[in-house]
Amino acid sequence: MGNPPAKLCAVVAGSSAWAPGVTTPEELEAWIAAPRALERDGHPQAKFLPAMLRRRCKPLTRIMLTAAYGCCTENELATVRTVFSSRHGSINESIGLLEAIAESKRVSAATFAHTVHNAQAGLFSIAAANRQASSSLAGQEASFPTGFLEALTHLNRAPQRKVLLVTGDVPLAETFASLIDEAQVSYGTGLLLASDGEGPGVSLALEPRTSADAPPSPTPWPAAFEFLRWLHSEEPDLTIPTQRTNWQFRRAD
Amino acid sequence: MVNPCRLAALGMVNALGASADTVAPRLFAGDQSGMTRRDSIVPDRVLYLGEVHGDLPPIPEALQKYRCRNNAVSLAALRQIEGTARAVIDAVGRERVGVIFGTSTSGVSDAEDALRHQRRHGILAPGFDYAQLEFGGGAGFIADYLDVCGPTYTISTACSSGARALASARSLLDLGICDAVIAGATDTLCNLTIFGFSALQAVSSEISNPCSANRNGLNLGEASALFLVTRERGGVQLLGVGESSEAHHMSAPDPTGAGAETAMRAAIADAAVDPSDILYLNLHGTGTPLNDSMECAAVARVFGVDTPCSSSKPLVGHALGAAGATEAGFCWLALHAAAAGELPLIPHRWDGVRDPAIPDLRLVTESDTPVAATHPAVATNSFGFGGNNCVLVLGREDA
């Protein structure tokens with residue numbers, strides 16, 4: 001396979017991560033040197049958020065906003081386009097509301113408003129005074145690479161503007177967790193992508209899979225963490241297999 | 001954007017009908033008889049809902065994990081374009097066709113049933129699968145149904161999801177990674193949104209009355225609108241996309257309409273047209289006091305007060321995540337009809353009582369005649385919770 005078109009390339013101008021036990025750049029470096037399964041529960045305090053706003057932020061929001069703020073300057077926070085990618089988003093809060101409705105309890109308007117899949121993007125926009133285009137998406141087990149692709153579309157449409165890709169999830173409510181084959185962990189990553197400038201260049205190519213291919217097995221840590229591990233390694237390429245696609249990341253200098 | 005983006009085929013289902021062909025005459029007549037009165041869902045409250053009526057197609061046996069009402073409504077829309085889509089898939093290859101879906105509910109109503117079963121019997125309803133509930137499942141279902149393996153994901157940005165899905169489809173075509181995309185959105189009625197919007201005091205007990213001094217809220221609806229999107233010239237084109245975030249509030253728009261104005265101006269600039277080229281504007285027009293006042297103010301600043309506009313929500317309700325795709329579909333129906341040289345307009349159904357506090361926009365009446373036009377362009381507004389705005393400009397190239 002030849003090199004993908006230039007449009008499928010980006011420079012990683014900044015990166016960050018948060019998970020229980022991976023809370024600082026030093027701890028991330030240690031994790032990259034010796035990757036291990038992430039822990040299930042935990043969230044940062046996110047003290048950079050105003051107290052009023054922070055009170056409304058659930059663990060997933062605190063994790064994703066911590067990752068977002070970890071890879072942008074103050075000016076970038078307000079001027080980047082954003083893509084927020086999460087398989088489950090705020091679905092646990094929706095399930096909580098469904099249980100309240102079933103028991104004829106009062107539904108909280110504020111809680112409901114925060115169950116939208118773009119809750120983290122909306123709260124980021126408010127916290128960072130960011131008025132740029134913003135996508136929130138979910139792609140089942142391919143949520144990280146589809147988010148990366150969506151970020152590339154934003155770079156293509158507005159090449160002069162950096163794109164912040166934030167990926168994250170928290171464990172799914174117990175009722176539904178047994179239905180999926182996935183490590184139940186709390187994590188978030190931030191990637192600041194640019195069309196040029198300083199930082200490692202990365203290209204993306206998509207290789208189709210067929211139903212004859214063996215289904216990808218669950219990974220010990222989330223794809224977004226695997227991408228960060230690869231980014232800081234010497235390995236020339238990284239393949240993330242998902243049901244329909246092998247997502248092939250390669251260094252592009 | 002240099003590449004063309006053709007909305008080559010449309011399938012839709014909503015309170016006005018089960019196909020694009022049956023919806024169109026009722027839409028341009030301003031028919032409100034699709035709205036259904038319900039008084040036993042929320043205690044002591046009358047609701048009007050835009051329900052999808054009639055039987056839905058069965059989910060194929062091999063895709064049972066996706067069996068839920070949301071996907072059945074998607075399938076009802078998808079089957080209308082299936083023949084055209086499969087011909088394109090055969091021509092370009094399954095890896096060159098993507099699926100960009102929008103939803104804000106996914107299969108929540110089926111999750112409600114599954115949880116009810118769990119309370120009674122201690123286990124989730126048999127046959128319930130997480131793929132029905134997770135947002136990404138709506139895109140996965142369509143991809144597996146058509147057996148395509150291009151990029152497949154769900155955009156969920158509340159009430160702008162459907163418009164954003166079309167925007168992302170155009171972007172993927174422009175990246176060159178796909179030759180065709182199935183794009184659009186589906187939302188279905190569920191207790192979560194009915195009780196949630198009721199808690200927000202945003203639901204009217206009458207049919208919604210957008211822009212009126214007497215407006216007092218929205219009606220919820222359900223719908224699907226799915227397009228086959230290609231990188232071809234001709235027919236109905238997605239000409240421009242404008243987006244903004246509000247940085248204001250999770251569930252209320254900026255009352256000045258600044259975010260809406262930014263998105264409208266960006267869409268017009270992206271389409272490389274002038275505001276005066278827009279012959280019709282489909283308003284977000286929910287009928288809530290705050291949306292309509294900020295939206296009308298923003299529209300007046302961008303377009304003045306002479307551009308014909310209307311809200312189609314009094315005909316089908318507010319289908320939330322599917323609203324942007326449904327209303328793009330309504331614009332598509334108008335532009336499709338404009339092949340004959342005249343653009344039909346969608347009447348604005350309301351009580352006719354002007355609100356002196358908001359600009360007096362040129363709202364389409366039932367007695368308006370179609371507008372003569374050779375290359376008409378129209379626009380549609382979508383504004384979502386979290387302050388996520390997306391405006392689309394559609395046009396006809398070969399009328």
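The following legends describe close-up views of a predicted model.

**View 1. The contact between chain A and chain B.** In this predicted model, the contact draws 56 residues from chain A and 57 residues from chain B. On the side of chain A that touches chain B, at least two residues each come from helix H5 (91-102), helix H6 (109-113), helix H7 (119-128), strand S3 (134-138), helix H8 (143-157), helix H9 (174-177) and strand S6 (201-208) of chain A. The most is given by H8(A), with eight residues. By residue class, this side of chain A comprises 26 nonpolar, 22 polar and eight charged residues.

**View 2. Strand pairing across the two chains.** S3(A) and strand S5 (residues 152-155) of chain B run antiparallel and are joined by two bridges. Ala138(A) has Thr154(B) as its bridge partner in S5(B).

**View 3. The surroundings of Arg96(B).** Arg96(B) is placed in the loop between helix H2 (69-92) and strand S4 (97-102) of chain B. Arg96(B) counts as partly exposed because it has 19 C-beta neighbours inside 10 Å, whereas a buried residue would have 20 or more. Apart from neighbours within four places in sequence, the residues in contact with Arg96(B) are Gly150(B), Cys178(B), Asp179(B) and Ala180(B).

**View 4. Arg96(B) and Val181(B).** Arg96(B) and Val181(B) lie 85 residues apart along the chain. A separation of 8.4 Å lies between the C-alpha atoms of Arg96(B) and Val181(B).

Terms used:
Residues are numbered from 1 along each chain as its sequence is written. Chains are lettered from A and ligands numbered from 1 in the order in which they are written. This is a predicted model: local features need pLDDT of at least 70, side-chain atom pairs count only at pLDDT 80 or more; totals for chains, interfaces and linings use all residues. Two residues are in contact if their C-beta atoms, placed from the backbone, lie within 7 Å. Helices (H or I, at least four residues) and strands (E, at least two) are DSSP runs, numbered from the N terminus. Ala, Val, Leu, Ile, Met, Phe, Trp, Tyr, Cys and Pro count as nonpolar, Asp, Glu, Lys and Arg as charged, and the others, Gly among them, as polar. Two strands pair if DSSP finds at least two bridges between them. A residue is buried if 20 or more other C-beta atoms lie within 10 Å of its own, exposed if 12 or fewer, and partly exposed in between; C-beta atoms are placed from the backbone.
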